[in-house]
Amino acid sequence: MVHELTTCGLLITHSAQPSALAAEFVSLCDWPLLTSPSLRTLIEQIEFHQPLCLAFWIDASSELAPTAKLVDQLRTRGARPYRIAIANNLDAEVEHTFRAAGVHTYLVTTGNILALIEGALLPFIEPHRTPARVHQSHVRDSPVAIRGPTEPRAFPAKLHPP
């Protein structure tokens with residue numbers, strides 16, 4: 001069930017080395033991981049991967065300010081892709097910071113990544129997946145009405161002043 005998430009998202013963390021939980025998240029979802037990105041790098045990756053959502057992984061309080069700034073800068077690009085903040089063992093006040101910055105969803109984890117993905121992330125992403133386009137023929141179900149004979153107009157048409 002978890003492997004259905006491939007190419008749906010991009011995981012972003014501001015630490016140089018991802019934590020063990022972030023690495024587990026990446027291995028379960030098979031999403032690309034972007035560490036310590038600038039705004040330009042992140043936008044390039046968004047254009048390249050075209051993810052449905054961006055998951056910002058926050059492990060430490062020192063990552064709050066740069067991550068919130070990046071989320072705020074992305075908000076100016078529009079509502080897509082979805083911005084999700086995932087905090088690992090942080091205070092409850094962190095949620096307000098990220099809501100103000102512009103995340104759509106704020107998730108908290110204490111270590112059970114599989115439960116986070118299946119219980120919180122999948123229900124959020126699944127309804128928004130775009131279905132594959134099916135080519136439908138342009139055949140109408142009801143017959144097209146055909147006009148009956150009409151009287152011919154005189155040629156040239158008479159002009160009337162306005």
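User: Which pattern does the chain follow when read along the sequence?

Analyst: This is a predicted model. Its secondary structure comes to five helices and five strands. Read along the sequence, the chain follows the pattern β-α-β-α-β-α-β-α-β-α.

User: In what order do the five strands stand in the open sheet, and which strands are at its edges?

Analyst: The five strands pair in the parallel sense, and their order in the open sheet is E2-E1-E3-E4-E5. The twist from one strand to the next averages 25°. A strand at an edge has a single partner, so one side of it is left without a neighbour in the sheet; the strands placed in this way are E2 (33–35) and E5 (105–109).

User: Which residue in E3 stands opposite Ile-12?

Analyst: Strand E1 covers residues 9–13 and strand E3 covers residues 53–58; the two pair in the parallel sense over five bridges. The residue of E3 that stands opposite Ile-12 is Phe-56.

User: What angle does the direction of helix H4 make with that of E5?

Analyst: Helix H4 (residues 94–101) packs on the sheet, where it touches E3, strand E4 (82–88) and E5. The angle between the direction of H4 and that of E5 is about 155°.

User: Which element gives the largest share of the largest nonpolar core?

Analyst: This core has 21 residues, of which Ile-12, Leu-42, Leu-54, Phe-56 and Phe-98 touch the most other members. Two or more residues come from each of E1, H2, E3, helix H3 (64–75), E4 and H4. The largest share is five residues, and the element that gives them is H3.

User: How many residues make up the other core, which lies apart from this one?

Analyst: In soluble globular proteins, nonpolar side chains tend to be buried together. Here a further core lies apart from the largest one, and its members include Cys-29, Leu-107, Ile-113 and Leu-121. The number of residues in this other core is 19.

User: Which residues does Leu-42 touch, not counting those up to four places away in sequence?

Analyst: Leu-42 is one of the residues that touch the most other members of the largest nonpolar core. With residues up to four places away in sequence left out, Leu-42 touches Leu-10, Ile-12, Leu-34, Pro-37, Phe-56, Leu-70 and Leu-74.

User: Around the axis of H1, what arc do its buried residues cover?

Analyst: Helix H1 spans residues 20–29, and its buried residues are Leu-21, Ala-22, Phe-25, Val-26 and Cys-29. These residues lie on the same side of H1, because they cover an arc of only 145°.

User: What is the phi of Asp-30, and what is that of Ser-36?

Analyst: Most residues other than glycine have a negative phi. Asp-30, in the loop between H1 and E2, has a positive value, and so does Ser-36, in the loop between E2 and H2, although Ser-36 is not a glycine. The phi of Asp-30 is near 60°, and that of Ser-36 is about 45°.

User: Is His-49 buried, partly exposed or exposed?

Analyst: His-49 belongs to helix H2 (residues 39–49). Not counting residues up to four places away in sequence, His-49 touches Leu-10 and Pro-32. Buried means under 20% relative accessible area and exposed means over 50%. The value for His-49 is 29%, so this residue is partly exposed.

User: What percentage of the residues of the chain count as buried?

Analyst: The accessible surface of the chain comes to about 10,700 Å², and carbon and sulfur atoms account for 55% of it. The chain has 162 residues, and the share that count as buried is 36%.

Definitions and conventions. Residues numbered from 1 in each chain as written. Predicted model: local features only at pLDDT ≥ 70, side-chain atom pairs only at ≥ 80, totals over all residues. Heavy atoms only, no water. Pairing = 2+ DSSP bridges. Helix = DSSP H or I, 4+ residues; strand = E, 2+ residues; numbered from the N terminus. Axes fitted to C-alpha atoms, helices over the stretch in contact; angles between N-to-C directions. Contact = heavy atoms within 4.5 Å. Buried < 20%, exposed > 50% of the residue type's maximum accessible area, 1.4 Å probe, protein only. Areas by Shrake-Rupley, 256 points an atom, 1.4 Å probe, with all protein chains shown as cover. Arc of directions from axis to C-beta. Core = buried A, V, L, I, M, F, W, Y, C linked by side-chain atoms within 4.5 Å.
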